[in-house]
Amino acid sequence: MNLLSAENISKSFGEKILFKNISFGINEGEKVGVIGINGTGKSTFLKVLIGIEPPDSGTISTANGLRIEYLSQNPFFEDDATILQQIFSGNNPVIELIKEYEDTLDKLSNDQEDKDLQEKLLKLNQKMDAADAWTMESEAKMILTKLGITSFAAKVGTLSGGQRKRVALAGALIRPSDLLVLDEPTNHIDNETILWLEDYLNKRKGALIMITHDRYFLDRIANRIIELDLGQLYEYKGNYSDFLEAKTLRQEQLKTMEEKRQSLLKKELEWIRSGVKARGTKQKARIDRFEKLKDQKINISSDKMEISVGISRLGKKIIEVEKISKSFEEKYYIKDFSYILLKEDRIGIVGPNGSGKSTLLNIMAGILEPDSGKVEIGETVKIGYYTQENKEMDESLRVIDYIREEAEYITTGDGTKISASQMLERFLFPSHLQWTPISKLSGGEKRRLYLLRILMGAPNVLLLDEPTNDLDLQTLEILEEYLDEFSGPVLTVSHDRYFLDKIAEKIFAFEGEGAIKSYPGNYEDYQSRIKSKKTEEKNNSSVKDEKRDTRIKRNDSKPKFTYREKQEYENIESWIEEVENELKAIEDQINHAQSDYVLLQELAKKQKELETRLEELMERWEYLSELAEKINASN
């Protein structure tokens, strides 16, 4: 069944044509990936499809009652709403019911003696039961937890930018839809969460259209790729690997067609120059054909940019860190870490969100002081640090002036000098765009420009913090080629597994409580080692369990409680209830302490401890209950 069709749609901004007379349709069950260089209009294309922005021309039709959920790169948030209230926004009847229930619960937490609210909550409970709304609420909490959000009652205004994006993603996933539209869903989530999201989207039954730079993500989810290129839309069946193969073939065909046109044009030009006068009809028709042939130039995409390596001399001593530690709010992010950076190092840095990866880069760059230990940076070291924020970008500057502030020229490895304007051309900023104010660029174009400025400084050490966020696939491919030629060390924080597999030769993994462990190889090698380690631990645990079971069988053929287990079994349900009550009390305190950030930190820490304790008690209760059943069955 066709869900959405677009016929001959066009969209321009000023003189810039994003796409012209393109047609597109999506059917049930299709999972479509949208790719193209930054600034080609990918995000605008999605907005036009779902009606957020009107096309300049053309028509869009949708199936009756089509439900669309959209994750924007810049979602709208109600700062005063709780996380659950933000997620349960929408006009679906079940969503409205859950939202009303959450609102009433929130009001009742502020005035627990309000009889009207108590009565309303009781009626809403009954409606929730009848609509099976608890399942949706439970799934929402599961998705939030998987995305690293556990304090459901926290106000959205207190969250970081990354947390807010993950809340928006959870909302798009949980709200019922026939067509899910995602703009860069993997930004701000770590590698483990991306694996979970892949699995979730593969199991999801509805249609999907998404923009993403994550090539593994595209490879494992998409069954169709569309590419926006020079204002046109090209479609490819299959995943990202299939797209690469098909695009290579298409470009070869276009090249052959253009060569044939040029050959024919050359022959016609020779005929024209031979002095034959257009007296007869045939000669006149041939001249008309020549003019037409001149206008039929085939545009062969030139979205491949080249980066010439410019690098400053690097001495023997680069960056040495010795027993550095760093903590915030009594939590260790880095503890007793030492490393001597080598010239050939290609290091990928991985770990959960908020584990301290950016903190490590800031310390190694000399921006942040460690609490203890020391960092020594060599005299010849020139660091190029690509941060997530690029805060120093003055958007009132013109593109070329922003680059010239860093350098007028860059000297390549063979001594050739390339001007700022030439480098901009290579970075897909044509001459007319170089005089545009930065404020008029797309988000991805700004990131590409920021990357060029870093490289124009001819650094000999590169620190990259999430370089793949908001960069298009073509830019990433060229960055990877640049890093292959770069002769200095590279450290990069990234959740892009494809990028890490291509550039990393060593992995620094943040493994909790400030521990950073080094693994040889790329990301895939690291994952294999982690899986092997987990399998070994599981096997060792199974052997221990078997030995324990054997001892139990030797001692007594019938299962029975030990004295301690009997005491636990008699009391564990009351212990669980106590922890649940404490958790509820903590949630109430969080709701009343939104402006007291110190107290919020303490409450969040206590909440996490209680949640861990509750999980342990539930696991223990399951074990004791199973043992009790076996004891009863043997009697």
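Analyst: Two strands count as paired if DSSP finds at least two bridges between them. Note that this is a predicted model.

User: Fine. Which residue in strand 2 is the bridge partner of Ser 5?

Analyst: Gly 25 is the bridge partner of Ser 5 there. Strand 1 and strand 2 run antiparallel and are joined by eight bridges.

User: What does the hairpin of strand 1 and strand 2 look like between the strands?

Analyst: Two residues lie between the strands, and Gly 14 takes a positive phi near 65° in this hairpin.

User: And what does strand 1 do with strand 4?

Analyst: Strand 1, residues 2–13, pairs with strand 4 in the antiparallel sense over five bridges. Glu 7 stands opposite Thr 59 of strand 4.

User: So what is the strand order in that sheet?

Analyst: The order is 2-1-4, an open sheet of three strands with antiparallel pairing. From one strand to the next the twist averages 15°.

User: Which strands does helix 1 touch?

Analyst: Helix 1 (residues 42–49) packs on this sheet and touches strand 1, strand 2 and strand 4. The direction of helix 1 makes about 130° with that of strand 1.

User: Parallel or antiparallel for strand 12 and strand 19?

Analyst: Parallel, over four bridges, between strand 12 (residues 346–350) and strand 19 (residues 506–510). Val 350 has Ala 509 as its bridge partner in strand 19.

User: Now rings. How many aromatic pairs?

Analyst: The count is 14 aromatic pairs, taking ring centres within 6.5 Å. One of them is Tyr 236 with Phe 243, which is edge-to-face, at 5.0 Å centre to centre and 85° between the planes. Phe 243 also pairs with Tyr 240, and that pair is tilted, with 5.6 Å between centres and 35° between the planes.

User: Where do Tyr 240 and Phe 243 sit in helix 9?

Analyst: They are three residues apart in helix 9 (residues 240–273), so about one helical turn separates them.

User: Are those residues buried or exposed?

Analyst: Tyr 236 and Phe 243 are both buried, and Tyr 240 is buried as well.

User: What links Phe 19, Phe 24 and Phe 45?

Analyst: Ring pairs link Phe 19, Phe 24 and Phe 45 into a cluster.

User: Which rings have a charged end over them?

Analyst: Tyr 332 has the charged end of Lys 335 over its ring, 4.9 Å from the centre. Tyr 402 has that of Arg 453, at 4.6 Å from the ring centre.

User: Last one: how many helices and strands in the protein chain?

Analyst: The chain has 19 helices and 20 strands. Of its 635 residues, 47% are buried.

Definitions and conventions
Residues are numbered from 1 along each chain as its sequence is written. This is a predicted model: local features need pLDDT of at least 70, side-chain atom pairs count only at pLDDT 80 or more; totals for chains, interfaces and linings use all residues. Side-chain values use heavy atoms; hydrogens and water are left out. Rings of Phe, Tyr and Trp (its six-membered ring) pair if their centres lie within 6.5 Å; planes under 30 degrees apart count as stacked, over 60 as edge-to-face and the rest as tilted. Buried means under 20% relative accessible area, exposed over 50%, partly exposed in between (1.4 Å probe, protein chains only). A charge sits over a ring if NZ of Lys or CZ of Arg is within 6 Å of the ring centre and within 35 degrees of the ring normal. Axes are lines fitted to C-alpha atoms, for helices over the stretch in contact, and angles run from 0 to 180 degrees between N-to-C directions. Contact means heavy atoms within 4.5 Å.
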